[in-house]
Amino acid sequence: MKTKRIVILGHAVGDERGKKSGGQLGSQSSEELRLQEWYNRSLGWTSVLRAKNKSLRAKIALFMLKLVLNICIGYDQLKRTTLFLLANNTGWNINKINKPCATDCSALVSVVLNFCGVKISKDIYTGNMVSMIMATGLFKELTDKKYLTSSDYLEEGDILVGPGHTAAVVEVKEIPKLERTLMNTSPALKGDDVKALQTVLKEHGFYNGSINGTFSSRTEKALIRYQSTHGLTADGICGKKSAESLGFFWN
């Protein structure tokens, strides 16, 4: 069955008021450091920096995710090095980032790379970060249009750079796409989409039949149990709301 490719970025965006400076240390809002689906900026992306080593890419994605989710870290351009200095003083121990501090988008990438063992100065900013990161010899720069205007060719750990902003890819996932409503009909619906539905229902503990791709009464009852448990209309019909609740992308 068809899938939709989802690319999630981690980045620092603005303080709790949506401004560049003057806010409180620490995260006062989930909008300061943010996980967000890839987007094509109005100013565009100009470079994608990809670590040559796959294990380094994985570390970049992991540490960016951990830092974005850390409520001790907020956004402030005038106090952008406070996270860096705190992390440096702890010997780059991510478990010790437990005091209110701040960063901005480029300083955040610098901290991520230092946690990965790549020594990058706290004085990095979007205007010099490509040259500074490339100087380590650990990355390659991708500038073809396909990397800059679409998420189709991005990988976890990629660092995106554009005028005045930077972000890193923390997750790439393929979400199964449902292109029709699934229900108990005569003759019975069959297909890979039904098989995918049965698989997800089984993973959630609602379906105990065989994964055979046939929408049977057992599949219907399992779906009804799932819907009832999750506050959905318990009609045994997998439409848009049920599909999205189960983790499918609804076309």
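The following legends describe close-up views of a predicted model.

Residues are numbered from 1 along each chain as its sequence is written, and side-chain values use heavy atoms, with hydrogens and water left out. In this predicted model, local features need pLDDT of at least 70 and side-chain atom pairs count only at pLDDT 80 or more, whereas totals for chains, interfaces and linings use all residues.

**View 1. Helix α3 is mostly covered.** Helices (H or I, at least four residues) and strands (E, at least two) are DSSP runs, numbered from the N terminus. Gly 117, with a positive phi near 90°, follows the helix.

**View 2. The largest nonpolar core holds 42 residues.** A nonpolar core is a set of buried Ala, Val, Leu, Ile, Met, Phe, Trp, Tyr and Cys residues joined through side-chain atoms within 4.5 Å. Ile 60, Leu 113, Phe 115, Ile 133, Phe 139 and Ile 159 touch the most other members. Helix α3 gives the most to this core, with 7 residues. Apart from this core lies another, of 19 residues, including Leu 223 and Phe 248. In soluble globular proteins, nonpolar side chains tend to be buried together.

**View 3. Phe 63 and Phe 115 form a stacked aromatic pair.** Rings of Phe, Tyr and Trp (its six-membered ring) pair if their centres lie within 6.5 Å; planes under 30 degrees apart count as stacked, over 60 as edge-to-face and the rest as tilted. The structure holds 6 aromatic pairs. Phe 63 is buried at a relative accessible area of 15%, and Phe 115 is buried at 9%.

**View 4. Asp 158 is buried in a loop.** This loop runs between α5 (145-148) and β7 (159-162), and the relative accessible area of Asp 158 is 0%. A polar contact of 2.8 Å joins its side chain to that of Arg 50; such a contact is a pair of N or O atoms within 3.5 Å, and within protein one must be able to donate a hydrogen and the other to accept it, while residues adjacent in sequence count only if both atoms are side-chain atoms. A polar atom of the Asp 158 side chain also lies 2.8 Å from the backbone nitrogen of Glu 155.

Methods
Buried means under 20% relative accessible area, exposed over 50%, partly exposed in between (1.4 Å probe, protein chains only).
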